[in-house]
Amino acid sequence: MKSFLFILVACLMVSAVNAQPSGPANRALQEKVHRYLLQKYAAGNNFAGIDLNKENEFGDTPVFAAAKKGDVDAILKYAKIAPSGEFLVKIGKNGNNVFHVARDAKTFQMLARVLRDFYPGKYKSKINEMMNQRNDLGETPVQAQINYGRADTFWIAFPHTELYEKIMAVKSKLDKGGLVAEVAGAEAIAIVQMSKDSSGRTIAQAARDNAKVQGMEQVIAFFKENAPYL
C-alpha cells in the first residue's frame, strides 16, 4: 500500500510540475499541491503523529532537537509534514532560532533549504532576518557558531548578515583612501560595537580565541584582511 501511495504521489507531482499555463499563480498552485502530496505521503508513513510544537524535557521542539544533533533526515521529515514554515522560524529557548543551535554546516544547509521551500518568494528576507536575530547572549547565529568553535558554518551564514554588509562597505571606503577613508573610520567604530555579543567580545576575537579549531585560520584571515579593526 505504501509503495502504491508513493508511486501515486510521484505521478501527481510530475503532473503538477508539467501543468500549463506557467506563471506565478500556477507555481503557487504547484507548491500547494506539492505540499499536500508530501503531507499525504508522510501520513501514510507514520510521520503525521509528530507534534512539531511539542517541547522535550530540554525545552526543544523536534526541529531544534534535530538541529542540535545534526539530524538532517529528521529536519527533512518534519518539513514534509509541516503545514507551514512557522515551526522553522520560531524563537526557542534562550532567544535562539534553529540556526543558532545548528550542529554543523550540513545542518545549516538543510535548514536553509527547507526555509527556501516554505518561503520561495521571501527567502532572501527570511534568511537575512534569521541570520541577524540575536539571542539572549547578544549573539547572531554566526556569532554563536564561532563562540562554539565551529568554523565550517561561517562561510554559509556570514554573507547573510548586516555585519558582513557593513564590513565590506567600510573596506571599500578605506581602500579608496583620502576623505572617504576618514569618514569610514567612524563607521568602523560602530561596526566594532555591532560585532560584539553581550560579553563584549567581537566575532573576530571569538575566532582568535578558537584559533586551534580546524578551519578557524581562514575565518581569522578574513577578518584580518577585511576588518583588522575588529
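Colleague: How do α7 and α8 lie to each other: roughly parallel or oblique?
Modeller: α7 and α8 are oblique to each other. This is a predicted model, where local features need pLDDT of at least 70, side-chain atom pairs count only at pLDDT 80 or more, and totals for chains, interfaces and linings use all residues. Residues are numbered from 1 along each chain as its sequence is written, and side-chain values use heavy atoms, with hydrogens and water left out.

Colleague: At roughly what angle do the α7 and α8 axes cross?
Modeller: Roughly 135°, and the axes come within 9 Å. Helix α7 is residues 105–118 and helix α8 is residues 123–132. Angles under 35 degrees count as roughly parallel, over 145 as roughly antiparallel, 65 to 115 as roughly perpendicular and the rest as oblique. The crossing of α7 past α8 is right-handed.

Colleague: Which residues make the contact?
Modeller: From α7, Phe 108, Ala 112, Leu 115 and Arg 116. From α8, Tyr 123, Lys 126, Ile 127, Met 130 and Met 131. Contact means heavy atoms within 4.5 Å. By class, that contact has seven nonpolar, no polar and two charged residues.

Colleague: And α4 with α7, what angle do they pack at?
Modeller: About 10°, with the axes 10 Å apart. So α4 and α7 are roughly parallel to each other. Helix α4 covers residues 72–81.

Colleague: Which α4 residues meet α7?
Modeller: Val 72, Ile 75, Leu 76 and Ala 79. Their partners in α7 include Met 110, Leu 111 and Phe 118. The contact of α4 with α7 has eight nonpolar, one polar and two charged residues.

Colleague: Where do α11 and α14 sit in the chain, and how do they cross?
Modeller: α11 is residues 162–176 and α14 is residues 216–226. Their axes come within 10 Å and cross at roughly 45°. That makes α11 oblique to α14. Tyr 164, Ile 167, Met 168 and Lys 171 of α11 meet Phe 222, Phe 223, Glu 225 and Asn 226 of α14.

Colleague: New topic. How many cavities of 30 Å³ or more are there?
Modeller: One. A cavity is a set of points on a 1 Å grid where a 1.4 Å probe fits but cannot get out, and lining residues have an atom within 4 Å of a point.

Colleague: What lines the largest cavity?
Modeller: Glu 55, Gly 59, Asp 60, Thr 61, Phe 64, Lys 90, Gly 92 and Lys 93. That lining has one nonpolar, three polar and four charged residues.

Conventions:
On a 1 Å grid over the protein atoms alone, a cavity is a set of points where a 1.4 Å probe fits but cannot get out, and a pocket is an open set with protein on both sides within 12 Å along at least five of seven lines; lining residues have an atom within 4 Å of a point. Grid points are joined across faces, edges and corners, and a volume is the space filled by probe spheres set on the points. Ala, Val, Leu, Ile, Met, Phe, Trp, Tyr, Cys and Pro count as nonpolar, Asp, Glu, Lys and Arg as charged, and the others, Gly among them, as polar. Axes are lines fitted to C-alpha atoms, for helices over the stretch in contact, and angles run from 0 to 180 degrees between N-to-C directions. Helices (H or I, at least four residues) and strands (E, at least two) are DSSP runs, numbered from the N terminus. A crossing is left-handed if the near helix is turned anticlockwise from the far one by less than a right angle, and right-handed if clockwise.
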